[in-house]
Amino acid sequence: MEHERESVEEDVAPHVIVVDDDPRLRRLLQRYLFEHGFRVSVAASAAEARQTLEGIQPDAMVLDVTMPGENGLELTRALRDEGQELPILLLTARGEPADRITGLEAGADDYLGKPFEPRELLLRLKAHLRRHQPAPATDNLRIVRLGDKEFDPVRLILSGPNGTIHLTGGEAALLSVLARRPNDVFSREEIAKALDMAEIGERAVDVQVTRLRRRIEPDPKEPRYLHTIRGRGYVLKPGL
């Protein structure tokens, strides 16, 4: 496995793991992201990525979908099932909207079709890392009660009777958007723009809503808190 390059700002620079079986692309992204202030680890397979994750907790993952053995979609699902919350950006030669939806359904936060500009990858990574950070305390946001669960929109933490409930970056970002204006209806277009999903389409918003309902609703098929307003969008209605 290739080793990460050291940065003089190692204590503050965000750490990204790039997982791709193409050595040329791994080297390119490692060098480019390092030059733009990231610490970078690389892995050639899902197995190598798992080994790396045993020793470090990166801030984000850039993951190729098509790899020998365990592919990127399978690794994404497994990591989410294990409670990994880091933003995951999938890379694939298949960039059709339907393929992107499949990636989001697996638990990814974003999807970038090959070939792509490294600059676009950089901007997307930065956007997801910003959304994954807690909101400034000066926002004076209130805890949102959802039955026996509570969401802290400052710390981006959902907790229940048994402790913290793991949210992906996309799920936390969606809940944060809705929780800032509880009882207000958000159109799919508004949500897509807030989550940087506009180019994927409104279907991506529906996927994230479905995933979030599994976290917050007693019965996701009969939503009590996250409601669909036909022809208008979605609304979060906190309560006991």
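Me: How many bridges join S7 to S8, and which way do the two strands run?
Reply: This is a predicted model, and in it S7 and S8 run antiparallel, joined by three bridges. Across that pair, aspartate 152 faces isoleucine 157 in S8.

Me: What sits between those two strands?
Reply: S7 and S8 make a hairpin with four residues between them. Leucine 156 lies in this turn and has a positive phi of about 60°. The loop in question runs between strand S7 (149-152) and strand S8 (157-160).

Me: Is leucine 156 buried or exposed?
Reply: Leucine 156 counts as buried because its relative accessible area is 14%, under the 20% cut-off. Its positive phi occurs in a residue other than glycine.

Me: Which strand pairs with S7 on the S6 side, and over how many bridges?
Reply: S6 and S7 pair over three bridges, in the antiparallel sense. Valine 144 stands opposite phenylalanine 151 in S7, and leucine 146 has lysine 149 of S7 as its bridge partner. The hairpin of S6 and S7 has two residues between the strands, and glycine 147 takes a positive phi near 65° there.

Me: What is the strand order of the whole sheet?
Reply: It is an open sheet of four strands, ordered S6-S7-S8-S9, with antiparallel pairing. Strand S6 (144-146) and strand S9 (163-165) are the edge strands, each pairing on one side only. On average, neighbouring strands of this sheet are turned by 30° against each other, direction ignored.

Me: Which helix lies across S6, S7 and S8?
Reply: That is H6, which runs at about 85° to S7.

Me: Now the other sheet. What is the order of its three strands?
Reply: The order is S10-S12-S11, in an open sheet with antiparallel pairing. The edge strands here are strand S10 (185-186) and strand S11 (226-229), and each of them pairs on one side only. Helix H6 (residues 169-180) packs on this sheet too, touching S10, S11 and S12, and its direction makes about 75° with that of S12.

Me: How many bridges do S10 and S12 have?
Reply: S10 and strand S12 (residues 233-236) pair over two bridges, in the antiparallel sense. Phenylalanine 186 has tyrosine 234 in S12 as its bridge partner.

Me: What is the phi of asparagine 183, and where is that residue?
Reply: Asparagine 183 has a positive phi of about 75°, although it is not a glycine. Its place is the loop between H6 and S10.

Me: Which strands does H8 lie across?
Reply: H8 lies across S11 and S12, and runs at about 145° to S11.

Me: And H8 against H4: at what angle do the axes cross?
Reply: The axes of helix H4 (residues 97-106) and helix H8 (residues 202-216) cross at roughly 15° and come within 9 Å. H4 is therefore roughly parallel to H8, since angles under 35 degrees count as such. The crossing of H4 and H8 is right-handed.

Me: Which residues meet there?
Reply: From H4 come Ile101, Leu104, Glu105 and Ala106, and from H8 come Arg203, Ala204, Val207, Gln208 and Arg211. By class, this contact of H4 with H8 has five nonpolar, one polar and three charged residues.

Me: Which residues of H4 are buried, and what covers them?
Reply: The buried residues of H4 are Arg100, Ile101, Gly103, Leu104 and Ala106. Their cover includes helix H3 (72-81), strand S4 (88-92), S5, H5 and H8.

Me: One last topic, the peptide bonds. Which two residues does a cis peptide bond join?
Reply: A cis peptide bond joins lysine 114 and proline 115, with omega about -5°. Proline 115 is found in the loop between strand S5 (110-113) and helix H5 (118-132). S5 and H5 are also among the elements that cover the buried residues of H4.

Definitions and conventions
Residues are numbered from 1 along each chain as its sequence is written. This is a predicted model: local features need pLDDT of at least 70, side-chain atom pairs count only at pLDDT 80 or more; totals for chains, interfaces and linings use all residues. Side-chain values use heavy atoms; hydrogens and water are left out. Axes are lines fitted to C-alpha atoms, for helices over the stretch in contact, and angles run from 0 to 180 degrees between N-to-C directions. Angles under 35 degrees count as roughly parallel, over 145 as roughly antiparallel, 65 to 115 as roughly perpendicular and the rest as oblique. A crossing is left-handed if the near helix is turned anticlockwise from the far one by less than a right angle, and right-handed if clockwise. Contact means heavy atoms within 4.5 Å. Ala, Val, Leu, Ile, Met, Phe, Trp, Tyr, Cys and Pro count as nonpolar, Asp, Glu, Lys and Arg as charged, and the others, Gly among them, as polar. Two strands pair if DSSP finds at least two bridges between them. Buried means under 20% relative accessible area, exposed over 50%, partly exposed in between (1.4 Å probe, protein chains only).
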